Amino acid sequence: MTPIELATRRRVTGLTSGEFAKLFVTLERKVDGESAQWDASDVESWEIVGPPVVAEQHLNDTFAAANEFVATLAKRLYRAVVPSGGGAPEEGTALTAFPDDLTFWSAQPDFGGIPHALWNIAALQAAEWIRQETGVICELHACEPLV
């Protein structure tokens, strides 16, 4: 993976270097069971000089997992808002967007360790599907930060 490809793919996911590093380390630990030592400065460095060979497959797996998470969550959010049978949701229906990880994890404890940016991207995708399929504008409600 070239530095430009890594940087571009990270930006497309909507993650900062720090958020991507957290997700990368979380997924790498689940795969290898080892204590990963990567952080945001490593990701930033890899976007300049390229990732080490030992990290490359994990990077691909992390991007795939992030994309799969967003797609699955967007479908789940869509189904939660659009009535089964294909009817339109009520006008004024809103999905929640989160300002930071702490607020997100507090509201959605099952997603602890997943960056809030991935939820927000899924909520945007679900809102767009709702608009396209039903014509109803589903707003995003910005949750107040905890601190």
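This is a short tour of a predicted model, stop by stop. Local features are described where pLDDT is at least 70 and side-chain atom pairs where pLDDT is 80 or more, while totals for chains, interfaces and linings use all residues. Residues are numbered from 1 along each chain as its sequence is written, and side-chain values use heavy atoms, with hydrogens and water left out.

**Stop one: helix α3**

Select residues 40-49, which form helix α3. Helices here are DSSP runs of H or I with at least four residues, strands are runs of E with at least two, and both are numbered from the N terminus. Colour V43, W46 and E47, the buried residues of this helix. Buried means under 20% relative accessible area, exposed means over 50%, and partly exposed lies in between, using a 1.4 Å probe and protein chains only. Look down the axis of α3: its buried residues fall within an arc of 100 degrees, so they line one face of the helix. The arc is taken from the directions from the helix axis to the C-beta atoms. On the other side of α3, I48 and V49 are exposed. Next comes G50, which follows α3 and has a positive phi, near 100 degrees.

**Stop two: W46**

Stay in α3 and select W46. Its relative accessibility is 4%, so W46 counts as buried. What does W46 touch, leaving out residues up to four places away in sequence? The list is P3, L6, F24, W38, P51, P52, A55 and L59. Contact means heavy atoms within 4.5 Å. Show I4 as well: W46 and I4 are 42 residues apart in sequence, and their C-alpha atoms are 9.3 Å apart in space.

**Stop three: salt bridges**

A salt bridge is a side-chain nitrogen of Lys or Arg within 4 Å of a carboxyl oxygen of Asp or Glu.

- Select E47 and R10. Their closest N and O atoms are 2.5 Å apart. E47 lies in helix α3 and R10 in helix α1, so the pair ties together parts that are 37 residues apart in sequence. Both E47 and R10 are buried.
- Select R9 and E5, whose side chains meet at 3.8 Å, N to O. Both lie in helix α1 (residues 3-13), four residues apart, about one turn of the helix. R9 is partly exposed at 27% relative accessible area, and E5 is partly exposed at 35%.
- Select E128 and R131, which meet at 2.4 Å, N to O. They are three residues apart in helix α6, about one helical turn. E128 is partly exposed at 28%, as is R131 at 37%.

**Stop four: the nonpolar core**

A nonpolar core is a set of buried Ala, Val, Leu, Ile, Met, Phe, Trp, Tyr and Cys residues joined through side-chain atoms within 4.5 Å. The largest one has 36 residues, and L77, L95, L118 and W119 touch the most other members. Elements giving two or more residues to this core are α2 (17-32), α3, α4 (53-81) and α6 (116-134). The most come from α4, with ten residues. Now select L95. Beyond its neighbours within four places in sequence, L95 is in contact with residues including L77, V81, A123 and C138.

**Last stop: L102**

Select L102 in helix α5 (residues 101-107). Its relative accessibility is 48%, so L102 counts as partly exposed.
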